[in-house]
Structures are given as structure tokens and as C-alpha cells.
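Subject: Two-chain model for you to look at

Hi,

Here is the structure I promised to pass on. Please open it first, and then read my notes below alongside it.

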Amino acid sequence: MKRYPEGKHKSALLPVLHMAQEEFGGWLDTPVMDYVATLLRIEPIEVYEVASFYSMYNLKPVGKYLFEVCQTGPCMINGSDDIISYIKSKLNIGIGETTPDGLFTLKTVECLGACGYAPMMQLGKTYREHLTKEKVDAIIDECRAKAN
Amino acid sequence: MSRKLLLEKEHIAGIRGYEVYRREGGYRSVEKALKMAPADIVEEVKRSGLRGRGGAGFPTGMKWSFLAKPEGVARYLVCNADESEPGTFKDRYLMEFIPHLLIEGMIVSSFALGSNVSYIYIRGEYAWITDILENAIEEAKQNGWLGKNILGTGFDCEIYLQRGAGAYICGEETALIESLEGKRGNPRIKPPFPAVKGLWDCPTVVNNVETLAAIVPIINEGAEAYAKIGVGKSTGTKLMSACGNINKPGIYEIDMTISVEEFIYSDEYCGGIPNGKKLKACIPGGSSVPILPANLLLTTAKGDKRLMNYESLADGGFATGSMMGSGGFIVLDEDQCIVRNTMTLARFYHHESCGQCSPCREGTGWMERILKKIDNGRGEMKDIDLLWDIQRKIEGNTICPLGDAAAWPVAAAIRHFRDEFEWHVLNPDECLKRNYGLAHYADPVHVPVMA
């Protein structure tokens with residue numbers, strides 16, 4: 001809060017929502033957003049309108065591991081379509097869906113600024129780049145191992 | 001080999017940390033600048049000819065000189081690190097590997113502008129870079145480059161980081177300011193410009209990462225030395241993000257005198273096209289600038305070699321030229337489909353439209369749907385004209401430039417590759433099995449010169 005001038009605490013909304021999402025299972029449920037509103041002394045609608053605007057905030061439950069695969073031009077040129085299809089068939093889910101065990105969610109996203117290292121996806125805080133089918137297999141195994 | 005100003009020391013081990021950065025001459029520009037009058041620094045930047053590196057190419061010194069300075073009102077410097085233009089990943093590289101260069105440039109710029117609290121607004125997805133920058137800020141603070149009374153000059157400065165949350169539109173400076181205030185990233189109507197009424201209604205300058213980093217060599221070497229590098233109004237060096245069908249994708253610092261051909265084929269840069277494929281097209285400055293077929297890319301309509309700088313890339317206007325933009329250089333080889341590529345870009349702009357202005361909110365969706373239809377072999381001839389009509393009606397009719405950015409790639413694709421669109425319509429089954437290929441796009445060009 002001390003990062004902003006007196007009375008401008010609403011500026012903390014985006015960072016607080018990031019923290020809340022991390023804390024509460026990777027998505028923002030209405031009670032969580034209401035709590036954020038109380039915390040920042042703003043109206044709940046001010047939180048909802050922001051949470052629904054930015055694509056990094058998930059308004060529905062997601063799996064423990066969220067695969068956010070880039071599909072924009074430069075990634076497409078380098079085969080992102082194939083990577084997306086491969087993940088779909090390997091995990092047997094569609095885009096926006098979560099595996100029944102609650103481990104994986106597949107999401108397609110627009111340009112993440114890794115065009116030179118395409119195709120790529122975001123997994124948590126990090127980027128996984130130069131994706132191949134083999135790398136996708138390894139990432140899935142790695143996540144399963146971590147979950148156990 | 002191009003002279004490097006920003007990435008000169010990128011290969012030195014440990015340059016990310018303060019100790020090595022300082023030993024290699026880091027923070028010299030702060031020592032020098034804090035002895036100067038702030039107005040003289042602004043003049044120096046003006047004389048350097050530095051143009052905004054975010055995409056618009058507006059002269060930085062001039063932007064700085066517009067900053068209002070009412071008595072008793074805080075002024076802010078905000079660094080735009082919301083890098084999201086498809087094809088662009090240069091700021092990420094700079095922040096990840098030489099974070100202190102940005103911090104150093106920001107301290108000098110904050111001093112020149114009279115900003116005691118400056119912000120870096122970084123795209124939310126660059127989460128690990130946020131940690132790197134936080135660490136660099138902390139190191140700078142511990143060593144007396146930030147905080148109260150820097151170098152005993154009486155100048156106070158703090159730099160804070162703010163993460164975005166996945167919205168391309170927040171790269172637009174007024175949307176960025178809205179977002180920094182904790183709101184949706186809806187661009188504001190200008191005027192008033194941020195220089196008068198920006199962050200929390202205070203005078204504000206928003207500059208790109210690379211622009212602020214370039215302040216360091218300008219102060220260290222002087223405006224004249226900086227302006228000597230490059231050509232015409234393209235002074236200094238430019239970071240290019242090279243991607244697509246090339247052998248060596250990555251970040252290259254160029255001095256803007258080299259030719260496009262050299263940039264693509266020289267081993268010093270992109271290293272040519274993989275698997276012996278031929279060049280078909282290129283988007284030279286980030287996804288929103290016009291795509292050019294190989295022939296117009298390498299040579300201007302006048303028959304001159306096209307160079308990697310602001311003027312030469314724009315030579316011929318939108319009829320036969322393109323733009324430097326953000327320096328996101330996307331190369332497409334003969335196997336790429338222009339319709340599909342354009343569709344992904346239209347989908348991108350549809351997804352990223354903030355929804356404030358109807359022409360953009362509705363138009364981007366229409367363009368995406370029509371392009372999908374053509375790409376899927378279900379297009380009709382009249383769809384191509386409809387597409388042209390829609391983009392015309394978006395361009396210039398929106399509050400912010402996202403509308404233009406969405407319209408230009410579609411316009412250029414139809415302008416230069418109309419026959420490929422028509423081929424999709426005429427060959428609905430075949431277009432699902434194979435691409436149109438290189439066709440005539442690399443043939444010598446004959447453009448009638450208007451009298």
C-alpha cells in the first residue's frame with residue numbers, strides 16, 4: 001500500500017487479485033472477490049469488473065496445473081496447432097476443460113512474448129519454450145510426479 | 001558488425017547482478033546526470049534524436065518537453081513493460097538479462113522529469129522477470145542509487161513494480177494508467193494527454209523499456225555521438241525481436257544502416273531460412289504493421305534496397321511499405337498460409353479489444369469470423385470485399401490505436417495477397433489440404449509510379 005499515494009489504495013487491486021488467486025486454488029470465487037473489496041474498501045463491482053477484464057484471472061475453477069498454450073501468429077507458424085491437438089488427445093480434454101482428476105486444465109492464450117522460442121506455454125510462473133511432443137510428455141510426467 | 005549500445009555487455013557473466021554491472025561502468029550516467037540541470041538532460045535527449053521504441057516512434061525528448069510542471073503537483077514517470085505485440089520480446093530480454101540498465105535509465109529519466117516515485121508496469125505473464133527486477137531495485141537501493149537524497153544531491157526517487165494481468169490493451173499508455181489505478185484497461189479520450197493529466201490526474205510520462213534503457217548511452221556518450229549512429233531520423237540502435245521461419249530467432253541490436261536482406265540472411269542476425277525454403281512474406285515491426293511480400297520487403301517500389309530503419313521500412317507508405325513499429329520481425333516461408341496467419345492476428349485483436357468502441361469491439365469479431373470461414377474453405381468472393389470494408393470502417397474510428405492495429409494487418413494481407421484469398425474461395429477442398437505456396441510473391445516487382 002505504501003507504494004501508492006495517500007487515498008490511491010485502489011491501485012493495489014491487480015496485485016491483490018494475483019495474490020488472492022494464488023492463495024485460493026488458482027481461481028477467483030465470488031466470496032474471495034468480495035473479501036478483496038472489503039480489504040481495499042471498494043465496492044464488490046469494482047473488483048468483479050476488473051477480474052473479468054484481465055485474462056490471467058480465472059473466474060472458474062482450474063486444475064492444479066494450468067497449461068496456457070500460445071496460439072498467435074508466430075507460435076502458429078512454428079506449429080502451436082499441433083501442440084494444442086497433442087495436449088488435447090494426450091489428456092483427453094478440450095480447450096477450457098479440466099481432467100477428471102483435477103490435475104490439468106488446458107487454456108489457449110494469445111501472444112505471451114516468447115515468439116522467438118515458439119511454440120510455448122505458460123505453466124505457473126514460468127514459460128516452457130521450444131515445445132515438442134516429447135517435451136509435452138515430460139512436462140505432464142513432471143506435474144504428475146509433483147502431485148503425488 | 002553493428003555497434004552495440006544496450007547489449008554491449010550482455011555476455012559478461014554475472015551482468016544481471018549489481019556488483020558486475022557496476023564494475024563494468026554501470027550507474028555512471030546517474031553520476032553524470034545528477035550534476036546536470038534536469039532541463040539540460042531533456043535537451044540532450046531531444047538532440048539525440050531518440051524515438052520511442054514501443055512502436056509509435058515519437059521523439060522522446062519532445063514527449064518529455066510536453067510534461068506540465070504545475071507548482072506543488074507530483075509528476076510521474078511510468079515505464080511501459082507491458083510488451084504484448086505479437087512478434088515482440090525484446091523488452092523481456094533486456095529486463096531479464098540486464099535489469100540494472102533499465103533501473104539506471106529510469107533514475108536518470110526520473111531526475112530529468114522531476115518524478116520522485118516512478119513505476120514499472122510489467123505484463124503479468126512475465127512473473128519471473130518481476131522477481132529479477134525487484135531484486136535489481138533492492139540492490140540499487142542498498143547502494144544508494146534509489147531512496148532519499150541520492151548521491152547527496154537532494155533528489156529522492158523510488159521505483160515500484162506493478163504487474164498487469166493479461167491485457168494487450170494496457171500497452172496503450174492511457175489504458176496502462178487506468179490499469180495502474182486499479183481499473184479495467186479502457187483507454188482514455190485524448191486530450192488531455194498524460195503529460196498534462198495522467199496517473200491519478202497528475203502529469204505523467206509513459207516510456208517503453210528500451211527507450212528508457214537508451215537514455216543511459218545517450219548521457220554517457222553524449223547526444224551527438226548517439227545521433228551519429230544510424231541514419232536520418234533513425235538514430236542510435238534498435239533492438240529487433242526476430243522470429244518465425246528463420247534459423248536464429250532471438251534479439252538483435254542493430255544500428256539501422258543494414259539492409260533487410262542482410263538482416264534475414266546474414267549469420268550475424270537471422271541466419272537465413274531453415275531447410276532451404278524461400279522467403280514468402282514478412283511482418284517487420286510487430287503484428288499490427290502491414291505484412292509485405294518478399295519482393296516488396298527486400299526492395300522498395302522505387303527499386304532501392306530496403307534498410308532496417310524507420311524511414312526505409314515505411315518507404316512507399318501503406319501501398320508498398322510497412323513500419324518499424326516495435327521491431328517484432330516475423331518471417332514467413334513459402335509453406336505459410338497468409339489467410340491463416342491473418343486469421344490468428346484477427347483473433348488476437350478480437351480477444352484483446354477492450355470493448356469500448358463499437359467499430360473495434362464488433363469489427364474485430366467480424367474479421368475473425370470471416371477469416372475463419374475463408375481459412376476453413378467456406379468463404380465466398382464477397383467475403384473478401386466485406387473484410388476490406390470492415391477494416392476500413394474500424395481504422396481511425398476508435399479512441400485508441402488498437403482499432404488501427406487490428407485493421408492494418410487485414411488490409412495489407414488483402415492488398416498484397418488477394419489472389420491467395422481468392423484461391424481459398426475457388427478451391428475450398430484443396431485449401432484444406434495444402435497451402436497456396438510462394439506463388440509470385442518473390443518475383444521482381446513492377447509498381448506503376450504515379451506522375
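Throughout, two residues are in contact if their C-beta atoms, placed from the backbone, lie within 7 Å. Please keep in mind that this is a predicted model: local features need pLDDT of at least 70, side-chain atom pairs count only at pLDDT 80 or more, and totals for chains, interfaces and linings use all residues. Residues are numbered from 1 along each chain as its sequence is written, while chains are lettered from A and ligands numbered from 1 in the order in which they are written.

**Domains of chain B**

Chain B splits into domain 1 (18–227), domain 2 (234–333) and domain 3 (338–433), with bounds that come from an automatic or database domain assignment. Between domain 1 and domain 3 of chain B, the C-alpha centres are 35 Å apart. Contact between these two domains of chain B involves 10 residues of domain 1 and nine residues of domain 3. On the domain 1 side of chain B, the residues facing domain 3 comprise seven nonpolar, two polar and one charged. Here Ala, Val, Leu, Ile, Met, Phe, Trp, Tyr, Cys and Pro count as nonpolar, Asp, Glu, Lys and Arg as charged, and the others, Gly among them, as polar.

**The sheet in chain B and its helices**

Helices (H or I, at least four residues) and strands (E, at least two) are DSSP runs, numbered from the N terminus. Chain B has an open sheet of five strands in the order β3-β4-β2-β1-β5, with mixed pairing; two strands pair if DSSP finds at least two bridges between them. At the edges are β3 (147–150) and β5 (204–208) of chain B, each pairing on one side only. From one strand to the next, the twist averages 25°. For such values, axes are lines fitted to C-alpha atoms, for helices over the stretch in contact, and angles run from 0 to 180 degrees between N-to-C directions.

β3(B) and β4 (residues 155–163) of chain B run antiparallel and are joined by two bridges. Opposite B:G147 stands B:C157 in β4(B). Helix α6 (residues 99–113) of chain B packs on this sheet and touches β1 (75–81), β2 (115–122), β4 and β5 of chain B, with its direction at about 150° to that of β1(B).

α6(B) also packs against helix α9 (residues 209–221) of chain B, at an angle of about 75° and with the axes 8 Å apart. That angle makes α6(B) roughly perpendicular to α9(B) (angles under 35 degrees count as roughly parallel, over 145 as roughly antiparallel, 65 to 115 as roughly perpendicular and the rest as oblique). Among the residues that meet are B:L101, B:L102 and B:M106 in α6(B) and B:L212, B:V216 and B:I219 in α9(B). By class, this contact has 10 nonpolar, two polar and one charged residues.

Helices α16 (residues 358–375) and α17 (residues 381–394) of chain B pack at about 160°, their axes 10 Å apart. This makes α16(B) roughly antiparallel to α17(B). Residues that meet include B:W366, B:M367 and B:I370 in α16(B) and B:L386, B:L387 and B:I390 in α17(B). Their contact has 10 nonpolar, two polar and three charged residues.

**Chain A**

Six helices and four strands make up the elements of chain A, which run α-α-α-β-α-α-β-β-β-α from the N terminus on. Its C-alpha trace spans about 50 × 35 × 25 Å along the principal axes. Chain A is divided into domain 1 (9–53) and domain 2 (65–147), whose C-alpha centres lie 27 Å apart.

Chain A also has an open sheet, with four strands in the order β2-β1-β3-β4 and mixed pairing. Since β2 (104–109) and β4 (126–128) of chain A are at the edges with a single partner strand each, one side of each is left without a neighbour in the sheet. β1 (residues 65–70) and β3 (residues 121–123) of chain A pair in the antiparallel sense over three bridges, and A:M121 is the bridge partner of A:V69. Helix α5 (residues 80–91) of chain A packs on the sheet, touching β1 and β2 of chain A.

**Where the chains meet**

The contact takes 35 residues from chain A and 45 residues from chain B. On the chain A side, α1 (13–23), α3 (44–53) and α4 (73–77) each supply at least two residues, with the largest share, five residues, from α1(A). By class, that side of chain A has 19 nonpolar, 10 polar and six charged residues.

Best wishes
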